[in-house]
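Here are my notes for anyone opening this one for the first time. Have the model on screen as you go through the points.

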Amino acid sequence: KPVMVEDSLVQQEVHVGDNLLEHGGLEEFPIPISTPGFDNAPYLTAANWVTKDPESGIRNVGNYRSMVKSKDRVGICLLSPSQHMAVHLAKYRSLGLPAMPAAVVIGATPNIGLTAASKVPYGMDEYAVAGAIAGEPVQLVKCKTVDIEVPASAEIVLEGEIPTSYLEREAPFGEFHGHMGMESMNPYFEITC
């Protein structure tokens, strides 16, 4: 079972509010274009998205294609309504909530990345699974601007919200096998911290 730790124990440089874009926002990071000549934008790689079921509070950690759209906005590719982030977003929408809190964890320990890429049954807290893989509880800290917990050991955390009532164009994206991932309408993430 994951454990909460004091965020004062974690080394932090926080950009929020008027300081959000002080260092260029997402342009502060070397985000690659994975397939030059084919990708329409840089995409976050090894990005572990964290969301929560609004009714149970059970967390999901998943890997989703993440198109950089601006200094403070990222597109999210949800291929199926059965993906756990899509289930969470649908629940927020059905409850009439305007946005779903989310966080993107970059530079996580291998057990987090392995869990994020695995098909863990819905309703199982994926931090508990990651802790079982590592043989010890995952230490978590609360985000600064959204009600989400993230690994205390993360190198980079992006916090924000995913609007529930609006979709935007995402992709096309060059796939590893030489084909193009199709353009589709998907949610987007507005960064708050």
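1. Strand β10 (residues 156-163) pairs with β15 over 2 bridges, in the antiparallel sense. (Strands are DSSP runs of E, at least two residues, and helices are runs of H or I, at least four, all numbered from the N terminus; two strands pair if DSSP finds at least two bridges between them.) Within that pairing, G160 has I191 in β15 as its bridge partner.

2. A word on what you are looking at: this is a predicted model, where local features need pLDDT of at least 70 and side-chain atom pairs count only at pLDDT 80 or more, while totals for chains, interfaces and linings use all residues. Residues are numbered from 1 along each chain as its sequence is written, and side-chain values use heavy atoms, with hydrogens and water left out.

3. Strand β7 (residues 99-106) runs antiparallel to β10, and 8 bridges join them. Look at G160 again here: it is the bridge partner of A102.

4. What is the order of the 8 strands in the open sheet? Reading across, you get β2-β5-β6-β15-β10-β7-β3-β4, with antiparallel pairing. β2 (43-44) and β4 (59-63) are at the edges with a single partner strand each, so one side of each has no neighbour in the sheet.

5. Two helices pack on this sheet. Helix α1 (residues 84-94) touches β3 (47-52), β4, β6, β7 and β10, and its direction makes about 155° with that of β7. Helix α3 (residues 126-134) touches β3 and β4, at about 70° to the direction of β4. (Contact means heavy atoms within 4.5 Å; axes are lines fitted to C-alpha atoms, for helices over the stretch in contact, and angles run from 0 to 180 degrees between N-to-C directions.)

6. Next, the inside. The largest nonpolar core has 23 residues, and L44, W49, I162 and F189 have the most contacts inside it. β3, β6, α1, β7, β10 and β15 each supply at least two of its residues. (A nonpolar core is a set of buried Ala, Val, Leu, Ile, Met, Phe, Trp, Tyr and Cys residues joined through side-chain atoms within 4.5 Å; buried means under 20% relative accessible area, exposed over 50%, partly exposed in between, with a 1.4 Å probe and protein chains only.) Leaving out residues up to four places away in sequence, I162 touches a set including W49, M85, L89, A102 and F189.

7. Is V74 buried or exposed? V74, in strand β6, counts as buried, at 1% relative accessibility. Beyond four places in sequence, its contacts include L26, L44, W49 and F189. V74 is also the bridge partner of V68, where 4 bridges join β5 (residues 66-70) to β6 in an antiparallel run.

8. Finally, check R65, in the loop between β4 and β5. R65 is buried too, at 18% relative accessible area. Its side chain makes a polar contact of 2.7 Å with that of E170. (A polar contact is a pair of N or O atoms within 3.5 Å; within protein, one must be able to donate a hydrogen and the other to accept it, and residues adjacent in sequence count only if both atoms are side-chain atoms.) Among the other residues that R65 contacts, beyond four places in sequence, are Y43, I76, F173 and M182.
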